[in-house]
Structure formats: structure tokens, C-alpha cells
Amino acid sequence: MVNDPFGDLRDLYQEVILDHGKHPRNHRHPPDANHEARGDNPLCGDRITVYLTMGEDGVIHDVAFEGRGCAISTASASLMTEVIRGKSERDARALFDCFHDLCTKDDADIDAHGPVDEDALDRLRVLSGVREFPVRVKCATLAWHTLAAAMAGAGKISTE
Amino acid sequence: MPDAHRNRGHSPNAQGQHRPALPPEPYDVERVRADFPILQRLVHERPGRLGKPLVYLDNAASAQKPRAVIDAMVRCMELEYANVHRGIHYLSQQTTDAYEAVRGKIACFLNAPSRDNIVITRNATEAINLVAASWGRTFLERGDEVVLSVLEHHANIVPWQLLQAEKGIVIKVVPCDERGVLDLDAYADLLGPRTKLVAITHGSNVVGTVTPAAEIARIAHRHGILVLFDGSQTAVHMPVDVQAIDADFYVFTGHKLYGPTGIGVLYGRRSVLHRMPPYQGGGDMIAAVSFAGTTYRDPPYRFEAGTPPIIEGIGLGAAIDYVEALGRDAIALHEHSLLERATTRLERVDGVRIVGTAPGKAAILSFVLDGVHPHDLGMLADQMGVAVRVGRHCAEPLLARFGLEATARASFGLYNTIAEADALVDAVMAVKEFFR
């Protein structure tokens, strides 16, 4: 785009992110949730609560979140809820590890964490633009850190 | 030093008297800008892409440094450097004289009665911690009350909470209204027989409110309560007179005053400082040391253990000279014109809410934009070269008071221009369009 003042940031703020940022999916508090955790990024003022409904079989039957942050953190939380539903705790964890690498490493090896759902990972790739902006990595990973805390039963995490 | 600006305004001179104000000249901001090397640089510059001029609107976090400050510090290291208060040799004496002259400058800057009222610290945070650790630990007992305000920066909250945990003191908080104005009736009602200290900001770093310090002190002193003011945001924007305010403690920091980092100031009333025990132990603060027992020097040296920030002190002295040459009244006038311009235009942008509308506020403009998180706004504005701060600004209780997780904040300094105030508003409008 000519004379686009935000040219460099178009890779980061892609349409998918703007859409999920504006209209987050699964932005609710499920009444039957049995795991939850709160995530806090005090530096930028993002606060999020992740709710999980986990079965005895260790499968995440429902996942939702509440709270709002920047477009990146909201979109990331929204996308996360879409890709981890129906996954086992272990698969969700592996996906987080891969996603974290995508957000922080230029040469991420997606096989490093064992087999993952590659379609899910492809959907998350849209957030990998944060790699170029280290201060935004926390925004993209806040929901995932909170998810990990919810699965582990830790209850509350802070990215500071 | 911009000689053309010299003696403008009416800053107190060495005798604490006021020079007569010269007829106002137009404030030559372009000439001021030429004094700041960093303002000549571009940001987001890289091969194949032109950079953008820097529109630096994050002065409340830290201000840029004029050539005079940079040169003074370099000159100190190149020509006039040795440790102070120790040597009989030529350079040590010269450095000591220069460093101690800065203490005098700081005293004049605050209209303190004497240079002995001026304790040099590493920053404003350390100055407050010094009071909490020395005065607080000595004179506060379980159940004693310290009154803060909801406007405080964490630097004037957490030291008292540490004391709360250690000594069982009680912290009370003066509320503010929707504009960010302190409720003085509520304040007066909070003071009781157990209240020992009122520690309140002189100017909010988020909403810009300048608090009525003299009135706050008058009410406290009626009950024999001491007052501490955090002047980190006010010393840079307006003349401060600690005697007129009748402050018992007043703190500010060097780096927001166009000086270097690593240096701050605690002004203390003589009678109070003299009753306070040392803050840290070490060299320079002692009168005599033996293993049988040690005696301490009088204030301010009692509170300055170890080698002080000598080079930073020289830099702060140059910063004070620079600001005084421009005149703090003239600076305040200029900054208010910027604040007014940005506020008037920003108010008209649909979806913008300005946070903090106290009358006579300092040139700090916090705001939120509907549907756009401040963090996104800040990053996109930065892409246009406009540097603002976003987040909670180290004042989480105040953000909570306004029901906000974060704001964007533009803070103006003596070198900002009307065009930059406009650039801020243009950036906000472009960001709004981006998220539409």
C-alpha cells in the first residue's frame, strides 16, 4: 500500500488478528468449567481468565476465556480456544511449546516437541509476526501461559 | 546554554529572592530543539526506508538531554574528575567544589533555606525509601497512620507497604473525583491522632493533576503531622518553592528534569533531618569510626554513604542551569499551549476519552480510544514516529479508580512543538481508522 503509515505492522496486524481481536470467539464463562487460571501482564495492562472443562480422560471438552487485552493478546486467546478444544492435556501442551517457538525463534523446529496437530499450528502461524517485536511476544503467549497454569491447577500467573 | 533565554521568568537566585521578570519574549522552541542532539535523529530508519522524525511525547517517563548536560558530564570526566570529600589533591578539591556547588543549585532550584537541606540520592524512589527507612522505622509504631493518595506512583506506595509489613503501620488513602482532583474534605477527615505522615504526589504522572501542596501541608501541620511531596512531575513543569509550600520532605529525580539518570534529590526540613538516623552505612557519612563505636556526620552527608553520583551530579547541575535559563514559568506556559492544543483536538475525535481533567494540570495527557487497546495504539503511533507511553504507568490503584486496565499517555516537555501535538492527534486518528 502506498503511503501506508503502518506498512511494517501489516504483517503483525493481519486481518485474522484484527477480526479475532474485535470479535473474540469463546469469550464467556462456562458454568461447568472445572479448571481456571488468571493471567496478568502488568506492563501493558492485559488481564485474562482461562476456563477449562476437562474430562476424567484428560481431554479438554470446553475452553473459554474472559477479559480483554490488546488486539494481539485477545486474538491469540480466541484462536487458542478454537484449536485446543477436544485435545488432550498433553497435545495442548505440545501445541503450546511449538507455538512458543514460532513466536520466539526464526528457525523453529516444529517437530522438536513431538507430534502436533499441524492444521492447528498453521492457524496459529498468523501470530508468529510477533517474533519481530519482542515486547509483543508476551501478548501473544499470555493466553497460553494461562492455559498451562489452568491445566496445572496453578490458578494465577503473571508474565512479568 | 541558550543565552537568548537567560534570565527569562523569575527564578529564585542564590539569596532566595526573585529577579524581576523581563518582558515576555516569544518562546523560541526551534532554538531549544537545536540544543537536544537526540531530537535531530530519525526513528524506524533502515536500508531502503527513510526514517521518521522522532516525536518524543514520553517526557513524564524520562526526558531527553540537552547538549549542555552532555558536555558538562563529558567535561567532568575529561578534565575535572576525582573522588569527592576525600582528597587533598588538586583534582579532588576541584571536583568536590563543583559537586557541592550543585547542592547549592538544587537548594536555589527548590528555594530551600540552605544547601544542608539537600540530600542527594540515586532517584526519587530512593529518596522516598530513605524517608521510610530512616524516619519511618524510627518514629512510626504499630497502629500509626500514613496518609497517601489514590494518585500515587508505586514509588510512593510500596515503601510504605514495606513499613506496614514490618511495623504494622496503617495506610490511608485520599480519594479523587472524576477529574482527578483530590478530595480535600475527605483528606482532612482522614487525619487523626495516630496520623504521623502525609505522603502525597505534587503532580500525578498519569492524570497530570497538580495537588494543592500548600493547603495539604497547612492542614497536616495543624495536627503536627509531617508532609512529604513527590515532585517528580512538578519540578520539571513549574517553579517549586518548598518554603512557600511548607514541605517537610520534597523529592524529585534528575532524569525527568533533562538531567542524567542515577541522581535524585531529597529536600528535608533541617529539624527533621537532624533527628533521623543514617539510611545506609559506609564511607562519607561518618564522623569517626572505631570498632568500639561510630559517630555520624550531620545531614545531609549522614544520608549519603559511599561515593556519590559525582558525574550525574555535574549533569544535574547543568540541567538545572538549562531549565532556569529558559525560566520555569516560560516552560510551563509553553507546555500548557501544547497540552491545550492536543486536548482540544483530541476531545473532538469520536471515541476518545481523556482521563484526568483537573484544572491547572501539568502537560500530561492520558486517554483511551474506544475499541482500541492502548498497547496497540502505542505501537501503531510509534510506527509514525510518535513515542507515547501505554499501560498502567506504575500507578495501578489510580487506573483501577478510573476502571481502566491501561491508558495511552502523551507527556509534553520544553522542546515539544504545536506540530508535534498535532502529530499525536493525527496518529490517534490514523490508528482509529486502522481498527475501524
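How many bridges join strand β8 to strand β9 of chain B? Three, between β8 (residues 226-230) and β9 (residues 249-253), which run parallel.

## Model and numbering

This is a predicted model; local features need pLDDT of at least 70, side-chain atom pairs count only at pLDDT 80 or more, and totals for chains, interfaces and linings use all residues. Residues are numbered from 1 along each chain as its sequence is written, with chains lettered from A and ligands numbered from 1 in the order in which they are written.

## The sheet in chain B

Seven strands of chain B form an open sheet, ordered β4-β10-β9-β8-β7-β5-β6, with mixed pairing. Strands are DSSP E runs of at least two residues, and helices are H or I runs of at least four, numbered from the N terminus. Two strands pair if DSSP finds at least two bridges between them. β4 (118-121) and β6 (170-174) of chain B each have a single partner strand, so one side of each is left without a neighbour in the sheet.

Within β9(B), Y250(B) is the bridge partner of F229(B).

## The nonpolar core

The largest nonpolar core has 174 residues. Such a core is a set of buried Ala, Val, Leu, Ile, Met, Phe, Trp, Tyr and Cys residues joined through C-beta atoms within 7 Å. Buried means 20 or more other C-beta atoms within 10 Å of the residue's own, exposed 12 or fewer, and partly exposed in between; C-beta atoms are placed from the backbone. L147(A), A247(B), Y267(B) and L424(B) have the most contacts inside this core.

Beyond its neighbours within four places in sequence, A247(B) is in contact (C-beta atoms, placed from the backbone, within 7 Å) with residues including F229(B) and Y267(B).

How values were computed:
Contact = placed C-beta atoms within 7 Å.
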